[in-house]
Amino acid sequence: MAYAYLFKYIIIGDTGVGKSCLLLQFTDKRFQPVHDLTIGVEFGARMITIDGKQIKLQIWDTAGQEAFRSITRSYYRGAAGALLVYDITRRDTFNHLTTWLEDARQHSNSNMVIMLIGNKSDLESRREVKKEEGEAFAREHGLVFMETSAKTAANVEEAFINTAKEIYEKIQEGVFDINNEANGIKIGPQHSTAGGASGAGGAGAGGAAGGGCC
Amino acid sequence: MATSDSEDFESADEGHGSPDKKQRKKRLSSSNYSDNALETEQKVSNTPKESSNVKHVEDKVKETDGWDDFEIDDNEAEPAPVKSNAEKQNKIEDKPSNVKESKKSQDTGWDDFDDWGEDDTSTNVQKPEPKPVQAKPQPAQSQKPEPNIQEVTDRLAAASTGGGGWGWGWSVDSLLSSATAGISTITSQVSQGISTVLETGIGAPDPEELARRSVKTNETKTDRSAPAPEADKRPETGSEQEASAGDAAFPFGSLLSGVTKFVETTGTKVIHGGLDTLETIGKKTMEVLQDGDPGLAKKRAMLGLGAGDKPVLSQVLREAKAKAEEEDKVREEKREAKEVHYENLFDDFEGLVHLEALEMLSRQVSMRIEERIRSVDLEKRQDIKETLQQVAELCEMPEEDDDYEESPSEDLSKPDAFHERLQTATQDLGLKLQFQALVKQYTEVLTYLSSPEADSVKSVYKRGVSSLAQGTALSVEQYHKAAEMLLVKTRRSTADEADALTQMTVVLTKHISELATLFTEKLNALPSDNKEQVNTYITNIFLEAGNSSTYIQNAFQLALPILQIGAV
């Protein structure tokens with residue numbers, strides 16, 4: 001599980017838009033039509049490779065229910081990327097985007113990469129929100145846009161990985177200070193093992209994402 | 001002719017690699033007079049009287065010549081492309097060397113020549129640094145007998161007064177006239193001159209061009225007559241050329257010679273001074289280095305330069321191989337150690353991230369409590385603080401009392417009994433916590449330990465650490481979930497919640513020790529020829545079990561503000 005970077009993602013959006021399904025599709029490559037309501041936050045993780053570097057995506061899948069709103073807000077902090085999800089078959093989920101966006105911008109760092117996702121693209125017949133509308137919203141608010149289907153897995157990988165690429169670019173540009181964990185980026189434990197012969201037979205590298213040593 | 005010219009250029013270039021034209025010029029002329037310079041330097045100390053005379057001359061010349069010569073310099077810069085001439089003048093530059101030879105017999109010629117050099121040096125260099133200039137050129141004069149100098153002085157004086165603003169013109173005019181006069185005699189002696197030119201090897205293109213230009217400008221300015229005798233002599237001494245311009249270059253070179261001499265002597269002094277300084281620095285450095293370490297023995301030894309410990313190649317290679325093997329071994333051990341590294345496993349089981357999330361909640365809620373305290377008046381503030389304290393006390397872990405461990409019904413399996421205990425403990429919490437994962441994990445552990453899979457000490461140990469990490473991660477998740485659910489709970493009963501969570505903590509920590517005991521018992525039961533290793537493993541298991549309990553209790557403490565906020 002050695003990785004160069006760890007990116008913290010949050011998935012936000014109205015309840016029932018398919019946030020947990022997107023995560024499950026991305027981490028387990030499977031689709032579960034019936035999903036328990038998420039309580040607070042659930043986690044998922046997957047390793048990806050960008051520019052030859054192993055990057056661990058640690059995804060915080062938040063509850064969409066209004067009741068958990070105040071709790072989930074406290075999890076925004078320290079996220080490097082956010083997937084803002086709406087359901088193309090439910091216009092109200094699209095209409096709530098502004099609120100979600102305001103929330104996200106208010107409670108996270110300004111450099112957070114936000115990807116707008118119109119999920120359930122497989123349900124074309126029940127579509128209520130045109131793709132162009134999503135595109136326009138994204139353009140207006142400076143987001144990256146993509147329509148996905150957690151069911152068919154269409155664009156799911158791309159959504160997560162493109163977000164990671166943007167974050168990675170920001171790191172390269174020096175926008176993100178990787179040493180400040182409030183940015184949602186941690187340097188992997190492999191850096192500490194690079195030492196080589198030091199600490200023979202020791203306990204190995206320090207805590208992975210624990211921050212600091214041991 | 002042509003070939004000799006080119007050779008001259010080359011040699012000149014070799015001698016004076018500087019790309020700077022003017023510098024070259026100076027050096028060139030200086031090389032012409034290098035002998036002179038040496039001689040004169042030696043004589044300087046012997047001729048104080050003469051130098052005073054010379055000063056007279058200089059002073060006079062300064063008045064008039066100073067700026068004029070600079071004008072000439074300016075003129076040099078003007079473009080005057082006459083290449084063929086330039087080549088010829090090249091030779092003329094060499095004249096001085098010949099002049100040297102002939103100077104003993106021809107005093108007058110030498111005097112004039114020298115005077116010019118003197119004029120220029122004094123004037124040219126004077127501007128930036130008057131004093132040294134006066135001192136340096138003196139040597140050149142000192143070579144000559146006093147009467148000659150007097151003569152020159154007189155002449156110069158006359159020229160400066162007679163010439164008025166054009167005083168400089170005198171010297172230049174004389175050059176010109178001498179040049180023209182020389183032409184007639186030049187041709188006959190051309191062959192003679194060539195050899196000298198070749199020998200001296202001076203004839204860089206730059207100086208001659210410089211000379212040519214100066215002559216050209218002079219020509220345009222004046223055509224006055226000048227002392228002919230001097231001119232007559234020059235052709236004889238120098239390597240002569242047909243062109244009058246070429247002749248004119250000769251004196252010009254001499255002008256520069258004085259400057260160069262000055263530059264040279266100053267330069268020599270500077271260099272000597274610099275070398276002295278360097279030497280001092282070097283000596284001092286050695287002194288410091290050897291301070292308390294005579295012969296640098298210690299430092300040599302430190303740097304591994306000692307003669308005694310010279311490495312033998314085969315030895316080095318052997319050592320390198322051994323080292324590489326050792327490193328491989330270490331790396332392998334490390335990899336294995338990592339495999340059973342508790343923290344990593346705990347992270348892999350999402351224990352850390354749940355702890356992190358719980359911490360975020362805890363911090364946020366704490367802030368809300370503080371806010372609330374601040375928002376009320378002092379009296380209420382005290383009440384709130386007391387309430388908070390009471391809740392905290394409720395959450396203190398009870399003393400180890402085994403009477404709690406009411407033996408579960410005999411007909412229940414261990415995991416089911418565990419589940420029941422958890423549910424009983426959290427009954428009053430009013431939340432639907434999901435303990436299935438914990439129960440499932442417990443079941444899996446039990447299954448594993450009774451299976452033939454658990455046959456080696458190592459694999460049992462690995463599984464033990466892993467199980468502890470997983471059990472702890474799942475436990476931490478319970479606190480996280482409980483906290484989240486408590487926060488969205490509409491009706492709070494803090495005392496019950498606190499009690500329930502405390503009970504849950506007791507059950508969970510007991511569960512962890514149960515897991516540890518199961519694994520250590522298994523380790524003890526397994527046949528092993530390395531008891532020491534087994535003991536190490538057992539110690540580690542208990543160590544990680546303690547670690548697990550700490551995590552669980554930390555999680556419980558993080559949940560405390562969430563309990564507290566329900567009461568205030």
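In this predicted model, helix α22 (residues 436-450) of chain B and helix α23 (residues 457-488) of chain B have axes that come within 10 Å and cross at roughly 170°. Axes here are lines fitted to C-alpha atoms, for helices over the stretch in contact, with angles from 0 to 180 degrees between N-to-C directions. α22(B) and α23(B) are therefore roughly antiparallel to each other; the cut-offs are over 145 degrees for roughly antiparallel, under 35 for roughly parallel, 65 to 115 for roughly perpendicular, and oblique for the rest.

Local features need pLDDT of at least 70 and side-chain atom pairs count only at pLDDT 80 or more, while totals for chains, interfaces and linings use all residues. Residues are numbered from 1 along each chain as its sequence is written, and chains are lettered from A and ligands numbered from 1 in the order in which they are written.

**Helix α22 against α23 in chain B**
- The crossing of α22(B) and α23(B) is left-handed, that is, the near helix is turned anticlockwise from the far one by less than a right angle (clockwise would be right-handed).
- On the α22(B) side the contact uses Ala437(B), Leu438(B), Gln441(B), Val445(B) and Tyr448(B), and on the α23(B) side Arg463(B), Ser467(B), Gln470(B), Gly471(B), Leu474(B) and Ser475(B); residues are in contact if their C-beta atoms, placed from the backbone, lie within 7 Å.
- This contact of α22(B) with α23(B) has five nonpolar, five polar and one charged residues, where Ala, Val, Leu, Ile, Met, Phe, Trp, Tyr, Cys and Pro count as nonpolar, Asp, Glu, Lys and Arg as charged, and the others, Gly among them, as polar.

**Helix α19 against α23 in chain B**
- Helix α19 (residues 351-375) of chain B packs on α23(B) at an angle of about 25°, with the axes 8 Å apart.
- α19(B) and α23(B) are therefore roughly parallel to each other, and their crossing is left-handed.
- Residues of α19(B) in this contact include Leu355(B), Leu358(B) and Leu361(B), and those of α23(B) include Val476(B), Tyr479(B) and Ala483(B).
- By class, the contact of α19(B) with α23(B) divides into nine nonpolar, four polar and two charged residues.

**Leu355(B)**
- Leu355(B) lies in helix α19 of chain B and counts as buried because it has 24 C-beta neighbours inside 10 Å; the cut-offs are 20 or more other C-beta atoms within 10 Å for buried, 12 or fewer for exposed, and in between for partly exposed.
- Not counting residues up to four places away in sequence, Leu355(B) touches Val476(B) and Ala555(B).
- Leu355(B) and Ile552(B) are 197 residues apart in sequence, yet 9.5 Å apart in space, C-alpha to C-alpha.

**Nonpolar core**
- The largest nonpolar core has 119 residues, of which Phe7(A), Tyr9(A), Leu84(A), Met115(A), Ala555(B) and Ala559(B) touch the most other members; a core is a set of buried Ala, Val, Leu, Ile, Met, Phe, Trp, Tyr and Cys residues joined through C-beta atoms within 7 Å.
- α23(B) gives the most to this core, with 14 residues.
- Beyond its neighbours within four places in sequence, Ala559(B) is in contact with Leu358(B), Tyr479(B), Ala482(B), Ala483(B) and Leu501(B).

**The two chains**
- Chain B has 25 helices and zero strands, whereas chain A has seven helices and seven strands; helices (H or I, at least four residues) and strands (E, at least two) are DSSP runs numbered from the N terminus.
- Of the 568 residues of chain B, 43% count as buried; in chain A, buried residues make up 45% of 214.

How values were computed. Two residues are in contact if their C-beta atoms, placed from the backbone, lie within 7 Å.
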